Each structure stands twice: as structure tokens, then as C-alpha cells.
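Biologist: Please take a close look at how the charged side chains pair up in this structure. Which contacts hold up under a distance criterion, and what about the sulfur atoms?

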Amino acid sequence: MLLNRKQSGKRWHLRPDGAPKVTGQLQYLTDMTLPDMIHGRVLRSEYPHARILSIDTSEAEALEGVYAVLTSKDVPGLNRFGIATPDQPVFCEDIVRYVGDAIAAVAADSPERAALALDAIRVEYEELTPLNSTDAALAPGAPELHEHGPGNVLHRTEIKRGDAEQAFATCDHIVTETYYTPRQMHAYMETEGGLFVPDEEGRLNVYAATQHGYKDRMQLARIISCPEEDIRVVSSPIGGSFGGKDELNVQPYGALLALRCGRPVKMHNSRKESVRAGLKRHPMKIEMQTGMSREGIIQAHRVRITADTGAYATLGAPVLNFCTEHCLGPYAIPHVDVEGVSVYTNNGLSGEFRGFGGNQAIFAMEGQMDRLAEIMNMDPWEFRRRNMREKNDPGPLNQRILVTDGLSQVWEALDRSELWQKHLSPPADPSLPPWIKRGVGAAIAMHGAGLGYGIPDPAGGRLSLNNEGKIEVAFSYEEFGQGLIATLEIMLCDLFQCSTSDLSIIIGDTDRVPHSGSSTASRSTTMAWMALQRLQTPFRSRVLAVASEMSGVPADELVTGPDGVWRKVQLPAESSEVESESGFVVSYAELVTQGEADEWIFDTKFDYPTTPDNVVGGHYLYTYAAVAAEVEVNTLTGETKLLDTRHVVAAGPVINPMGFIGQIEGGSVMALGFTLTEDAVMQDSRYVTTNLDTYLIPTIQDIHTNLEVEAIEDLPEGDAFGPRGIGEIGSVALAPAITAAIHQATGVWVNRLPVPREQLVRPLNVPLQEGVSPS
């Protein structure tokens, strides 16, 4: 199905939050206020690496309008957080490890007074030399940033299969390249923040953006030393996340200050503080060596991945696992030697980010494929087909995966696309000056969904008929711009043939929803669909049985519909008229008055599907995408413009066409920044780019209007997993497609992102030989 914004029909569903968002009426969590609230701020380290000699808060505490000044001694429970490895201090006790480290927090009657209080805190440091690169951190004798060691290694991975060393010795052609990827910002519009409200019963209400409310609740309970049930986390709506709010940020400080003061505390990071303290995409160095036979069949693949995780773990280990899994691409390679290492440094924190390590791996692997194809003088798309895995082959980690035709389907669909066919003979445009060059490139991706084997990945949901007579669904997922609420509306309307006015959708509130797992890893749509498949039959059976009792109409003659239960409409073969017995029977509001309230509540719990093999990190469900891109390169300035793209995505049935297109468009724009402009540069472990005025996010001027999305909805007969999430698949393959297009346009092989403009500039009177990179 070719999706476009002109598509119409009952499945083209407008977002219920669309109008409030574009008119500015929607209240995000950071918009919330209360009459008696006070304001919290955090004092962060002046240095990327230093020893704390003393902290004097007396002057700040004496200021009028200051209600609390907290340091590490004021944390009643665990003075650490981290979604997987709790190694980041809430407040540093004796060592600071990056410029975002928290030293103290204050609460005052105004933001200005809170800022004055921060200035009044006196901290004496002994500055230490920062480990400003992975090389420095791994060097012999480098100081260890954490006691748990060994050295400054957070995590190591490997894949060993066959005998790569011997296979390389027999290869006819070998390509060796090192790829570098940037430290990218999430750049969400709503920076980190929220409102923290203690109530009269001693509970803490947290209104703060997160992608996993139950995980936040667990971490906060450890910090403030209370039962988890004493904390309520409300986590929707969110003004963007992309993984960056999956980890705690302001929550520990807002919670501690609110409990100390007994009043609501508002926290909201400035953009500068968000840049300084927030997560970024892991910058990586990926060294690859790939060998093939004279027939163009890949025989051996050696990879060394080095990821800069920054000062603390966050999800650095799972990100490296994912990158390691995906650095083989969707290819059948008999001899594999892959090693990865995630390294602690004194640089900014790296963590969860849309694509989760797949972006870096796919950029490198697809770059290898294009280089190998050129050596063979073979069409790069045909070269990929020659080396692609078969659908029944095991996954990259030699694990069993769910069998689909998605990979071959996206390859074939892109192969016949008009855009990709242009690469065979790029049309000459005589109106263009000679320094403007155009090219077309393509890339393919196989991207795992879910958290992967070995990581707890619970799912579930609740379906009920509530007291207002609404069909209510409850999940612990969050709405952070991806269109989840619209998708849930479509699912429910399709299941029960009801209208949106019959629905109540509850998400992102730990007091009101079951534990459904996190809104990460492209899992929410699949998990919601699977939950509703489990819940629809018992719910419908209950509804129809009670309606039958109330009306005297047999249950097998009843169906759910708008406003309530209807008698089935029967159309006799000899007539187009509806039988007189058909029609409205009973409303949902009348139904719910029958029986006890809990008789109308249905719950389900299950786990996200994982590989049957015990392969840690290995995925069972994959989505597939192929991307073609046309670029225009100005060889006088080095500027690259993206002119046209086509995405082909195999992710099962399209539930929400508007949301599907929006996700692919959004992921594509984020990938465009990753490829051409975005890099949160650090010098001596300090951000050079401290705000968005010098950080080049693609704007509307950079985003071409000709973007086509083709959705392949086929799934094998009996597939029980339904629609796959597509929040990430649109972001992972565009970078190598663009760099392949740059190569066709200029002859330059790009191995570093964002693409260095100086690499594409050449004097007018010096022709560039095909395939040769300028010095």
C-alpha cells in the first residue's frame, strides 16, 4: 500500500490530540501549576572531573524565600539511579564525573530566587584531568571512574562464528573501513521537568515525562525509601522524548524537595541545562573488515565497536548489545568475528535514542556493502540480494526469529521504484551549474523490535466497561507524539464497531493502569494489539450475554456497535431491505448497571515475544525497510541537499495510516540531522554546543516535500503478533542511503557523520576521479 496524505477512507483517522497541540491548548506536564507551588533548581558541577573538597550551603539556606537546600546527606534511601545499572549519584558525594553531575538542589518561592540560592552555594573542588575520549579511558594506567571496574569498561560484547581469520586468507577482495558517528541530541521541544505534589495522605504525586512510569516509580521509591505504592507517576502527555526521557532526570530532585518542603515543587530545565545534563546518542567508532569471493559472496566479516557511554551507564550496555546484533545487517555471513566495548569517559551522558544503536551499525554495514559492490562492478542493490539471508535462516546471533517475507518484499519493492531506477542513469539537468552534482543511493535494514532476550519485557492491559458506560482501555504506555491514542481508538473501533465517543483511553498513570511495560523499542503498538486480541472475546461475551438477558434476544444475534448493543442486520438474498427485527437493543450505560463493577473488568498479562533460544539480547520480531534517496551536492560549498526519498516498510498491518506516515517522516527528519548536520561537539569533556542556536537541527527549509512511503502489510498465515511498531525503522537506513547517493554524485566515500562538508569541496579546475576521496 502506497501511503500519502491524500488517502481517505474510514481508516484515515485524525489525531484526537491534533487540534489542541497545533493551537497550543494542550497542557503538557511542564505546563502544570498549582497556587502554592515553589520552584526547584539543581546545582551542577563546574568541572567534568574533580574531587569535591567541601560544600557550604549556609549562605543559600539563609536567603529569604528559600525553603530547602539538599545535598547527598539528605537522600534517605539509595543515592543512585539508573534504569539498568544504578551508578549515577542523585547528588555527588566526593567525585564529579561530568559537567551535568548534581551537587545540590534548592527550592524557593520563585525561579529567580532559586537561581540566587544556587549562586550562594560554595563548592570547593580539586580539578582532575578528564578522560575526554575512549582512547584516553582505555589507555594503560588511566584512572578508573567507577569502583566496579575493571578499568573504564561498562560492557563488552562479541559474536564469534566460523573461522574469520582463515576465511579472510581465502577471500579475493577485502574492504577495510572505519566509521564514525556523532553525539546527537534528542532535541525534544519540551525539556525535562514536571510538578511534584505531596498529598495529605503522605503520598507523592509525580507529573513528569518518562517512557516508563512504573520503572520511574521503582527508582524513586529506592531513593526516597518508601513503598512503591506511595508514589503515583503520571507521564502523559509528553512534548517529545525519542528515548531521552526514558531515564530519570529531574524526578529525584523534585521528589526530594517536595517531600522536604511539604509543598508542590515545579522543576523545568532550561535548554542549556537540558543540553548539559541530558542524554545523547552514543558516539561510536566502528571498524569493519569484510571479505568476499570473486563471485561477490561475502565470506568473512570482522567488526570492532567502541561506544562512548559517558560518565554513567544508563542503557549503554543494551545499546551496545543492539549495535552488535545489527552490525551484521540482514546478510548471510558464515565467518564472523565481532567485538564491542562500551567505555566510561568524562564526556556527556550517552543513552537511549531512537534506533538504539541500530543507526550506527546500519550506517557502517551498508557502507561496506556499497564499497564491496563497487569492487565487483556490480549494481549495489543486486549485490545485496546476492548476500541476503533467506527467510528461514537464523537471526544475526544465530537465534531463531519469526519467519516473514519482509526482507525480500522491501528489496523487491524498492528495486522496481521509479526513484531507485534513476540510479542507473541519473538524468542530466542542463540548467544546473557544473559544480552541482546529483546522485541516488539506497540501503536496507532489518531492525529488532522489543527489548530482546534476557531483559524483562512484561506486557498486558485492561479492558472494561466503566461506570459512565464507556469502553475503557488502560495501558501504562505514554503518548509522546507518536500517535498512540489515535491508534488505540482505531483498534477499539475496529474490534467493537463502536464510535470514538464510546471510548475512554487511560494511559501513563500508575494509579490507574496495569503494568504494560515501557513505551520503548517499537513495542507499544504490537503489545496493545496483542492485549486487545486476548481481551476482546471475554469482554464481548460478557456484554452480549447481559444484553441478551435484558432484551430477550439470543446472544448470537447481537453485536456491539455505536452507543451499545445492536441486533445483527440480516440482508435476505432476495431483498436489499433490512429485517425489521434489526436495530438498537441496549446502551452501554444501561449494561453497566447490571452486576458488580468488577464483573466488567478484564485484565491480561504476558511477555513480549522473544527468541526461543537463550541468546542474550537477541530479538524474535523484526521489521524491515528499504530506503532510496536522491541528493544534490554543491561541490563549491560542500552542502548536501536531500531531494527525494522513498521508504518501503514491512511491519505488518497498518492500523493508523496518518500515524504510520508521521512516524516515518519524523524518523526520516531525525536521520537527516544525524547524517548531515547534528553533532553535540565536546572539547575537553565540555560541550562546545550549549544551546540550539548553534546546534543544526533540520528545519522546514531542509526537509524536502517529496517523501513516499510504501507499506507492505503481508504477514504469514497464523502470525499472532499483528502490527509491528514503526517508531524506529524510519530512522535507521536513511544515513547510508544518503552517503551512497553522495558517492554516486561526487565519487567521495563518506565514513564520518555528520558528513564533513570540506570532504566534498573541490576546486573547479581539478576533476575528481571516480571512487577517489579528496585529501
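**Salt bridges and cysteines**

Modeller: A salt bridge (a side-chain nitrogen of Lys or Arg within 4 Å of a carboxyl oxygen of Asp or Glu) joins Arg 646 to Glu 710, with an N to O distance of 2.8 Å. This pair connects distant parts of the chain: Arg 646 lies in strand β28 (residues 640-650) and Glu 710 in strand β31 (residues 707-712), 64 residues apart. Helices (H or I, at least four residues) and strands (E, at least two) are DSSP runs, numbered from the N terminus.

The model is predicted, so local features need pLDDT of at least 70 and side-chain atom pairs count only at pLDDT 80 or more, while totals for chains, interfaces and linings use all residues. Residues are numbered from 1 along each chain as its sequence is written, and side-chain values use heavy atoms, with hydrogens and water left out.

For accessibility, buried means under 20% relative accessible area, exposed over 50%, and partly exposed in between (1.4 Å probe, protein chains only). Arg 646 counts as buried because its relative accessible area is 12%. Glu 710 is also buried, with a value of 12%. Elsewhere, salt bridges with shared partners tie Lys 160, Glu 165, Arg 302, Arg 304, Asp 337 and Glu 339 into one network.

Over the whole structure, the search gives 36 salt bridges. One of them pairs Glu 273 with Arg 44 at 2.8 Å, N to O.

Another salt bridge is formed by Arg 567 and Glu 557, whose closest N and O atoms are 2.6 Å apart. Arg 567 sits in strand β24 (residues 564-567), whereas Glu 557 is in the loop between α15 (524-551) and β23 (558-561), 10 residues apart. Arg 567 is partly exposed because its relative accessible area is 23%, and Glu 557 is partly exposed at 24%.

As for the sulfur atoms, the whole-structure search finds zero disulfides, a disulfide being a pair of cysteine sulfur atoms within 2.5 Å. Cys 327 is in none, as the nearest cysteine sulfur, that of Cys 323, lies 6.2 Å away. Cys 327 counts as buried because its relative accessibility is 0%. Cys 493 is likewise in no disulfide, the nearest cysteine sulfur being that of Cys 498 at 4.4 Å. Cys 493 is buried, with a relative accessible area of 15%.
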